[in-house]
Every structure is written in C-alpha cells, then in structure tokens.
Amino acid sequence: MTTTAAGRRGLAGLLAGFVVAEVAVAVGYLLAIGWGWHELVDSFMVTNGLMALTFGLCGAVIAWHRPSNPIGWLFLADGIGHATTPLAGAIAEFLADRGGSMSAQRVFVTISSAAWPWSIGLFLPLALLLFPTGHLLSPRWRWAAVGVIATAPLFVLEMVGSGDPIASDLPRGYLEIPSYDALGPLWALTELRNLVAILLAVVCLTIRYRRADETGRRQLLWLLLASVIAILFVTPWAFIAGTPILVLLAIPLIPIAVAVAIVRYQLLDIRLVISRALTWALLSLVAVSIYAVLVALLDSLIASQVGRSAAVTVFVALIIAPVLPRLQHLVDRALYGDRHDPARVASRVGEQLSAGLPGVVAAIRSALRLPYAALTVDGQVIAMDGTPGAVVPLELSYGGEVVGSLDVGVRSGESGLSSADRSVLGLVAVPLAVAVHATRLSAELQSSREKLISAREEERRRLRRDLHDGLGPTLTGIAFSADAAANLISTDTNQAIDLLSRLRADTRTAIGDIRRLVDDLRPPALDELGLVGALRQRADQMSFRADGSAIQVAVSANGLPTLPAALEVAAYRIATEALTNVVRHSRATSAVLALRCGSDLEIEVTDDGPPNGAWRPGVGLQAMRERAAELGGKFEAGPTPQGGLVRARFPLTAELEAR
C-alpha cells in the first residue's frame with residue numbers, strides 16, 4: 001500500500017469519526033436538557049442524525065476500500081453536512097439556555113439551516129452521476145455535473161432565505177432574504193432544478209445499465225433496490241399531509257446500497273431481492289391507486305367514515321389478492337427468464353437445434369437469463385455465449401455414456417444453481433445430449449470415411465508400386481527372354497536352352513509375386529478352409545519357434561456362422577498377428593485362440609507367459625487396433641496375472657444374428 005493511499009484511508013477514518021462525534025454531541029446534549037423522542041423527531045434531529053451516520057460511515061467504507069473513487073468522499077461530505085445541522089442546532093440551544101449573545105445564536109442557527117441543503121442539492125446527485133465507477137458516463141456529461149455544482153447554492157438560499165427559526169426559542173438566521181416571498185418563481189425554478197438533477201441521474205444510471213456488463217448491472221441493481229424502497233416511503237411524505245417524518249429514514253438505504261454495490265456487490269442474490277421488492281412496490285402502488293379512486297367515488301355515497309374505510313379496505317384486499325401472483329410472475333420472468341415455464345424453454349431450444357449447437361447454447365442462456373453458458377465435448381468448448389465467471393458443469397449423458405457437459409454461469413449472489421434452474425436444465429439436457437451424440441457420430445463417420453478413402457488410396461499405391469517395381473520388370477524380362485530364345489532356337493540351340501531355363505525361373509518368380517499380392521488382398525486359406533480351418537492351419541505352422549523350442553497352440557471355435565468377407569479377413573489378421581507375437585516375443589509354453597459368437601464376435605488370444613511389464617505399442621498392436629476400429633469393433637491387449645491377453649470384439653448385424 002502506497003503512502004498516498006494510506007493517507008487517504010487515515011483521512012477517511014478521521015472524517016467518519018468527526019461525523020459520529022458531531023451526532024453524538026448534538027443528541028447527547030439535547031437529551032441532557034430534557035428533550036424527548038417527539039421533540040427530536042419533530043425537529044428533524046433523528047432523521048438528520050441517521051442520515052449523517054449512514055452517509056458518513058458508508059462514505060468512509062468506500063473511501064477506505066476505494067480511495068480513488070470520489071463517491072466515498074462525496075458521501076463523507078454529505079454526512080458532515082447532515083451532522084452539522086443537529087450539532088449547530090444543539091449549540092444554539094446551549095447558548096440560548098446559558099444566556100449567550102444573540103449574534104452567536106444567529107450564527108449557529110444559520111449554520112444549522114445551511115448545512116444539510118448542500119447534502120441533498122449537491123453531494124448526493126453528483127455521487128449518483130458518478131456511480132459506480134467514480135467517473136462520468138462520457139465527456140458529454142460534464143455539462144450535467146457543472147450544472148449541478150453551479151446551481152446548488154440556489155437550493156441552499158431557498159432553505160435559509162426564509163429566515164424561519166429552527167426552534168421556537170431561537171432567533172432567525174443571518175441569511176434571511178427580505179423579499180423572500182416575492183422570489184417565489186425563483187424558488188419554483190429551484191425545485192424544478194432538484195427534479196431535473198434527479199432525472200439526469202436516473203437517465204445516466206439507465207444508460208449505464210444498458211451498456212454495463214454483468215458485474216456493472218449487479219452493482220446498479222443494488223441502487224435500484226434502495227431507490228425503489230426510498231421512493232415508496234418518501235413519496236407519501238411529499239404529497240400526503242400528516243405522513244410521519246420517520247418515513248425519511250428510508251433515504252439512508254441509498255448510501256448503504258451504494259457502499260455494498262461498490263465494495264461487496266456479491267453479498268446477496270440481488271436479483272431475488274429485487275424481484276420481491278419490485279413485486280411489493282408495484283402491488284403497493286396499485287393498492288394505493290385503487291384505494292384513492294374508490295375513496296373519491298364512495299365519499300359521496302357512504303356517510304360513515306368508519307364504514308367507508310372498512311368497506312374500501314375489504315374491497316381493495318379482494319381485488320389485490322389475485323394480482324400478487326401475476327405481478328410476481330412478471331418480475332421473476334424479467335430477472336430469471338422462463339425457468340418457471342420449462343415447456344417454453346424446451347420449445348426455444350428445440351427451435352435452435354436445426355441451426356446448430358451455438359444457437360442452442362445462446363437460447364439456453366437467454367431463456368434463463370444466465371450470465372454464461374457453454375458446451376464442452378472431449379475437454380474442448382465447442383459453443384459458448386456470455387462472459388464466464390463462476391461456472392457449474394452439468395453432465396450430458398446418452399445411452400449411459402457421458403458425451404459432454406453444459407457449463408452454466410452462476411448468477412450474482414448465488415453459490416449454485418437453484419432447484420428450478422436444475423429442473424429446466426435437466427429437461428433441455430436430454431435433447432442437447434442427443435444433439436451432441438449425433439454431432440459426434442457425424443464427425444466420427446466423416447473421420448471414418450476419410451480414413452477409408454486414405455486406406456484405399458494407400459492400398460492402391462502399394463499395389464501399383466508392387467506391380468510396377470516387382471512384377472512388371474519380371475514380366476518384361478520374361479518377354480525379352482522368350483524373344484531371344486525364339487531367335488536362337490535355330491542357330492544356337494544351347495544358348496536357347498539356357499534362356500528357356502532362365503525363362504522358367506523368372507516365370508515361377510512372377511507367379512510367386514502374383515500369389516503374394518493375392519494373399520495380401522485376401523488369404524486364400526479363408527476360401528479353401530474357412531476361417532476356423534485357416535486359423536487351425538496357421539496354429540499348426542506356429543508350433544515351433546525359430547530356435548527350435550516347441551509351443552502348444554490350441555484353437556477353440558464352434559458354431560460360427562458365415563461371416564462377411566471383411567469381418568473374416570479382420571478376424572484372421574488379428575488372430576494370426578496375435579499368435580505371431582506370442583511365438584516371437586513371449587516365453588509362453590502354450591497359447592489358446594478362442595472364437596466366440598453371440599451378440600458379438602469375440603476373438604481372444606491368451607498365453608501362459610510370465611509378466612514382463614507393460615507392453616510397448618508397436619506396428620503389430622497398432623495394426624490390430626486399426627483393423628478393429630475400421631469395423632466398429634473394440635480392441636484391448638496387455639499383460640495379466642495369468643499371462644498375455646489380446647481381445648477383439650466386433651458387433652454383428654441383426655441379419656447375421658438371425659442366420
């Protein structure tokens with residue numbers, strides 16, 4: 001912490017202490033001289049004192065945590081203004097009781113009358129223009145701030161110009177204006193100025209709310225809540241005679257809300273609080289309006305005052321009762337979206353399914369008024385909307401398998417998702433999981449097609465290379481040898497015989513190359529002996545290792561149906577490769593090749609070789625794994641306590657199972 005910041009914090013503490021001391025001295029003295037509760041209330045000592053404490057202490061909190069934010073210092077000045085009014089009034093009372101000079105009494109009466117208007121006319125509207133960042137909305141709003149500052153003295157003159165004493169036993173102030181009543185139009189303009197200042201602050205806050213991010217909106221909602229409550233209480237005092245002065249105690253909610261918004265805006269779920277407050281505010285306004293209209297209509301019809309009030313109250317209650325749920329629904333929908341209407345949310349999500357997953361995620365966030373929503377598949381975010389913050393992941397399952405997760409942001413003040421949110425998200429998770437699964441299948445299908453095309457082209461390239469580089473030259477040599485033998489048969493019989501002998505050897509080599517190419521395409525043993533017979537033949541050929549040691553290889557296979565050609569080749573290649581690995585790399589004395597056919601075709605090769613650590617993937621294992629994947633099968637291989645294990649499982653089609 002820098003020296004400047006420490007100095008500012010110390011100053012904030014001193015000013016807050018000064019405010020508390022002013023209020024304590026004023027109230028303490030007035031209580032000491034015998035003032036009661038009613039005198040303190042009627043003289044505005046209670047309201048001014050509480051406003052002084054809330055504005056001063058909240059301003060100190062803001063200045064302590066955010067020394068560079070001028071709102072804290074404006075609130076401290078506001079608190080000092082409200083605290084000086086009761087203190088100056090108490091000093092004037094003290095001088096009057098002790099026979100002090102009249103001029104001194106008039107000085108403190110003037111200070112008491114002139115201190116609090118600065119708080120209402122200058123510090124509070126200016127703080128609202130700067131809320132919550134401490135900066136004006138834009139340079140164009142400087143004229144508004146300058147106007148508020150320049151015209152603030154008018155409100156002070158209006159309050160002190162009448163010269164009315166603050167108490168019956170005190171003299172009038174020094175700033176009394178002789179022609180005060182003649183300046184009525186100016187005071188009306190001053191009241192209009194106060195209204196314009198508040199309206200400017202409201203417009204500024206509205207624009208800030210529309211432009212703000214999620215954090216800024218949460219801060220503004222705190223001020224909105226306090227303003228709604230304050231207006232709800234203060235409005236009757238301004239327009240209805242006889243309203244208790246204590247309703248002004250709702251005004252201190254504004255500095256409290258501002259302090260919470262700037263320092264601890266995540267303290268509570270402000271959206272839920274706003275929802276309830278707006279509901280009751282709207283309901284109260286409706287009730288008051290209905291009451292006023294009915295009183296006006298029934299005033300001439302019902303003579304009895306008691307009967308009139310009772311009848312109107314009962315009638316209003318009967319009208320308001322069914323209105324409350326509807327108002328609550330409208331406010332909840334504005335703050336929480338359609339979470340209480342799952343069918344509507346599901347419908348909006350369904351409309352976006354055809355447009356793609358990004359549209360679905362955006363629809364979910366918009367429908368529930370969430371700050372953030374994202375779809376994660378295989379650890380990668382494939383669609384998102386909003387600004388991430390505190391996130392709660394929800395698994396998306398299809399067929400018992402987790403296919404992804406829906407990550408949703410938590411609203412301000414909430415530690416997690418509510419049961420209503422989870423119910424709606426659980427409903428939309430089903431079609432979303434289906435869409436994710438379908439998207440994944442489509443991607444896997446496309447990848448499989450690409451691999452098949454690549455494999456086909458590689459196989460064609462290999463065949464072309466083998467034919468061009470191997471069989472082609474051999475056949476060309478055979479053709480040249482045949483031509484040469486034909487030319488020498490009549491002139492050099494011995495040379496022709498040598499050429500024919502070489503021609504015979506080259507022909508056999510070409511036949512061998514052709515057989516090798518054919519065997520690579522499909523083992524002929526499969527056509528001659530079938531899958532089981534070909535495997536038994538191969539097992540017999542592997543009974544001895546290269547060093548002459550024997551190994552017993554058994555084949556277990558009964559009742560296999562006729563399999564598709566591609567499946568036969570894959571099963572044969574995997575089984576023979578697995579047996580070859582046993583013979584080459586293990587120290588087993590026996591191996592078992594088992595083929596089982598139920599809902600799946602299972603190929604299993606086990607041996608009794610001792611464990612020698614984890615298997616390192618090689619070309620053979622990779623080839624077996626790829627062959628299984630090409631036909632939608634599963635493959636596993638590795639050591640076990642009983643020996644080595646290689647297992648491949650292929651799904652069988654319904655038509656094949658019915659055979």
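A crossing of two helices is called left-handed if the near helix is turned anticlockwise from the far one by less than a right angle, and right-handed if it is turned clockwise. The structure is a predicted model, in which local features need a pLDDT of at least 70, side-chain atom pairs count only at pLDDT 80 or more, and totals for chains, interfaces and linings use all residues. Residues are numbered from 1 along each chain as its sequence is written, and side-chain values use heavy atoms, with hydrogens and water left out.

**View 1. Helices α5 and α6 and the contact between them.** Helix α5 (residues 102-130) passes helix α6 (residues 142-161) in a right-handed crossing; helices (H or I, at least four residues) and strands (E, at least two) are DSSP runs numbered from the N terminus. The two helices pack at an angle of about 160° with their axes 8 Å apart, where axes are lines fitted to C-alpha atoms, for helices over the stretch in contact, and angles run from 0 to 180 degrees between N-to-C directions. α5 and α6 are therefore roughly antiparallel to each other, given that angles over 145 degrees count as roughly antiparallel, under 35 as roughly parallel, 65 to 115 as roughly perpendicular and the rest as oblique. Among the residues that make the contact are Trp116, Trp118 and Leu122 of α5 and Val148, Ile149 and Phe155 of α6, contact meaning heavy atoms within 4.5 Å. The residues of this contact divide into 19 nonpolar, 2 polar and no charged, with Ala, Val, Leu, Ile, Met, Phe, Trp, Tyr, Cys and Pro counted as nonpolar, Asp, Glu, Lys and Arg as charged, and the others, Gly among them, as polar.

**View 2. The cis peptide bond from phenylalanine 131 to proline 132.** Most peptide bonds are trans.

**View 3. Helices α17 and α18 and the contact between them.** Helix α17 (residues 524-541) packs against helix α18 (residues 565-585) at an angle of about 20°, and their axes are 10 Å apart. That makes α17 roughly parallel to α18, and α17 passes α18 in a left-handed crossing. The contact includes Leu531, Leu535 and Arg538 of α17 together with Glu568, Tyr572 and Thr576 of α18, and its residues divide into 8 nonpolar, 2 polar and 2 charged.

**View 4. Leucine 621 in helix α19.** Leucine 621, which is found in helix α19 (residues 619-630), is buried, with a relative accessible area of 14%; buried means under 20%, exposed over 50% and partly exposed in between (1.4 Å probe, protein chains only). Not counting residues up to four places away in sequence, leucine 621 touches Trp615, Arg616, Phe635 and Ala637. The C-alpha atoms of leucine 621 and isoleucine 574 are separated by 9.0 Å, although these residues are 47 apart along the chain.

**View 5. Aspartate 97 in helix α4.** Aspartate 97 lies in helix α4 (residues 70-97) and, at 42% relative accessibility, counts as partly exposed. Not counting residues up to four places away in sequence, aspartate 97 touches Tyr29 and Ile33.
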